[in-house]
Amino acid sequence: MFFKVFLFLTEVGKSGTYRNQLDFLLMKLDLIMPSPSLKSLEEISSKKIQQQIDYFTSCKMPGLLSGFSSKEERNDDNKKECWNSSVKWFSGGSEHSTGREGGCEVGFRLCYAGRVLGVRLFFTPRQPWMPPDLYIDDKQFMDAITLEMVQEQLSSLVHWPECRTNCVAELAEQIYKLYKKYQLSRLHNQTAESNKLLEECKAICESLDITEDDTEVLLCAGEQVLCVKLPINFDLPPPLFTEDAGEASCVLHIAANSSKAGSLVATLRVSPKADSLLCGPDGEDRICLPPIPEQRNNEKSGEFLVSYTEDIVQIINARIKQVHQSFETRKQIVAQLLCQYDASISQYDAVRFNTVELLLLTEEEDFHYLVDIVFPRCFPQVCARVMLRSICQKEGEKQEAALVPPFNHKPKGEPDEMLEAILRSATDFAPVFRRQCNNRRILAL
């Protein structure tokens, strides 16, 4: 009889009355049936919960912008990304212990269309077969969740797989999908402007050949937001990425303020790995998006943002092509240097081919000097930087250095032509550099 009641109460849900009755029955069961000690049960359950949490924190959180935090946001407690999760163990009688002996609170934040959604799960180790209590920061969303939605969309709460390590991660994925459906339903029930946003989203998906899984729409505080994961191919040599963590992806974030008709603001969000490729290791070469043009009267609904999104994809692809070509050109130049001056090269960047240092000699004046070649990120569009450095002949002697003056550089030339121009500029400047070194030695005497 007890197991029938238990199954019935589990299927019905977690209302306060049924949950209290269930706790009472479980307490009676502990007194009547011989079983392992409650302490042993709690220890085993706590280990299972900890395994579930460890697995969960090692997984990528759902959401297009998950893990997209900037360096500033990572240091700001109010803007930390959703994959930052927290775990707290609390004792009986605490605020969220719901009258039980104790438990565990798992808090994490889902990132949806640029909005952070706080989620908290409360576990009771004494009852590991019971699903956790669920709290979500969005009160309207919590109020909109029905028992039917729980049974269909949050199936993990109905049939809690407490023996599986991926159950918490599975529940987070289900919450994300349910929240996405909730936001879509809100837009469907709103004004014609909201329906227009959905039409634009559908048209962009067809134009870029992506699915609805690559989009997020949000209606919040009078603002409509559309996020689109752009179909960018990041299948490139690993050395081009200075940040190797996570996935390389770009998301176009478009926000519309309902109080200002036609007011659209676009922002390009890139993952840390993609940012290291597109913007450089220090972010000094960021992509500046053009403003969204106003919709013309003859444009149909659904075509407004399509051309703009396609332009952004072309801009990103052009930047990737530029970075890749620069890498290949630097690689060829360094390879030629190794073939021609193998014994003279003291060091070089063998991963990204950004720098080379070699020892040269002026035949007429018997003067040895070092040549430092630094290829900027935008090479060959930007000329390489060449510097000459002296070789110290006495202990304590100061090393002299001088930057080679600008020389004739052809951005569209062949790698061997660029290398020839670089070496010619160094050898032509060497006599001048030698006189500078000699004059400074004389003055130092």
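**Labels and their grounds**

Author: Tyr-348 stands opposite Val-356 in β10. This is a predicted model, in which local features need pLDDT of at least 70 and side-chain atom pairs count only at pLDDT 80 or more, while totals for chains, interfaces and linings use all residues. Residues are numbered from 1 along each chain as its sequence is written, and side-chain values use heavy atoms, with hydrogens and water left out.

Reader: What makes β9 and β10 a pair?

Author: Strands are DSSP runs of E with at least two residues, helices are runs of H or I with at least four, and both are numbered from the N terminus. Two strands pair if DSSP finds at least two bridges between them; β9 and β10 (residues 355-362) have 3 bridges, in the antiparallel sense, and therefore pair.

Reader: Why are β9 and β13 called edge strands?

Author: The open sheet has 5 strands in the order β9-β10-β11-β12-β13, with antiparallel pairing, and β9 (345-348) and β13 (401-403) each pair on one side only.

Reader: Are Cys-227 and Cys-288 buried or exposed?

Author: Buried means under 20% relative accessible area, exposed over 50%, and partly exposed in between (1.4 Å probe, protein chains only). Cys-227, at 0%, therefore counts as buried, while Cys-288, at 69%, counts as exposed.

Reader: Why is the contact between Arg-115 and Asp-138 called a salt bridge?

Author: The term requires a side-chain nitrogen of Lys or Arg within 4 Å of a carboxyl oxygen of Asp or Glu, and the N to O distance between Arg-115 and Asp-138 is 3.1 Å, so the pair qualifies. Arg-115 lies in strand β3 (residues 115-123) and Asp-138 in the loop between β4 (133-136) and α5 (139-144), so the pair ties together parts that are 23 residues apart in sequence. Arg-115 is partly exposed at 26%, whereas Asp-138 is buried at 7%.

Reader: What separates Arg-424 and Glu-420 in helix α12?

Author: These two residues, whose closest N and O atoms are 2.9 Å apart in a salt bridge, are 4 residues apart in helix α12 (residues 415-444), which means a separation of about one helical turn.
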